[in-house]
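Me: I am new to this structure and would like to go through the terms used for it. Please show it to me before we start.

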Amino acid sequence: VPSHDNEAVDAYTQAKRDDLANKEKAEAAVIAQYLPEQLTEEAIKKMITEAIAETNASGPAGMGLVMKVLQPKIAGKADGGLVSGLVKAALSQ
């Protein structure tokens with residue numbers, strides 16, 4: 001389920017608006033049925049390792065090369081912020 005939906009549920013719950021929180025949860029459940037299956041962090045890390053090997057990227061300058069290779073493989077299957085964070089971490093090792 002996309003993270004922004006969870007933020008709304010949390011906000012409604014804190015505001016004691018269970019009616020709206022439940023509506024958000026129901027909508028998120030419906031949307032999740034139509035989304036492609038999300039990649040695990042383990043699978044993303046493996047794809048990043050392969051992309052780095054394929055592009056010979058290194059350091060922060062290699063970020064664009066790696067993301068260009070990964071983007072078509074992860075589109076709709078992983079949070080972009082998570083992926084870019086994992087790529088940065090992998091390139092800084």
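**How the helices pack**

Reply: The axes of α3 and α4 come within 9 Å and cross at roughly 135 degrees. This is a predicted model, in which local features need pLDDT of at least 70, side-chain atom pairs count only at pLDDT 80 or more, and totals for chains, interfaces and linings use all residues. Residues are numbered from 1 along each chain as its sequence is written, and side-chain values use heavy atoms, with hydrogens and water left out.

Me: What makes α3 and α4 oblique to each other?

Reply: Angles under 35 degrees count as roughly parallel, over 145 as roughly antiparallel, 65 to 115 as roughly perpendicular, and the rest as oblique. The angle here is roughly 135 degrees, and α3 and α4 are therefore oblique to each other. The crossing of α3 past α4 is right-handed (the near helix is turned clockwise from the far one by less than a right angle).

Me: Which residues of α3 and α4 meet?

Reply: From α3 come M47, I48, A51, I52, E54 and T55, and from α4 come L65, V66, V69, L70, K73 and I74. Contact means heavy atoms within 4.5 Å. By class there are nine nonpolar, one polar and two charged residues (Ala, Val, Leu, Ile, Met, Phe, Trp, Tyr, Cys and Pro are nonpolar, Asp, Glu, Lys and Arg charged, the others, Gly among them, polar).

Me: What is the angle between helix α3 and helix α5, and why is α3 called oblique to α5?

Reply: Helix α3 (residues 41-55) and helix α5 (residues 80-91) pack at about 50 degrees, with axes 10 Å apart. That angle makes α3 oblique to α5. The contact takes in E41, I44, K45, I48 and I52 of α3, with L82, V83, L86, V87, A90 and L91 of α5. Nine of these residues are nonpolar, none polar and two charged.

Me: How do you know that α4 is oblique to α5?

Reply: Helix α4 (residues 63-74) and α5 cross at roughly 140 degrees, their axes coming within 11 Å. That makes α4 oblique to α5.

Me: Why is D19 called partly exposed?

Reply: Buried means under 20% relative accessible area, exposed over 50%, and partly exposed in between (1.4 Å probe, protein chains only). D19 has 47%, so D19 is partly exposed. This residue lies in helix α2 (residues 18-34).

Me: What joins the side chains of D19 and R17?

Reply: The side chains of D19 and R17 are joined by a polar contact of 2.9 Å. A polar contact is a pair of N or O atoms within 3.5 Å; within protein, one must be able to donate a hydrogen and the other to accept it, and residues adjacent in sequence count only if both atoms are side-chain atoms.

Conventions:
Axes are lines fitted to C-alpha atoms, for helices over the stretch in contact, and angles run from 0 to 180 degrees between N-to-C directions. Helices (H or I, at least four residues) and strands (E, at least two) are DSSP runs, numbered from the N terminus.
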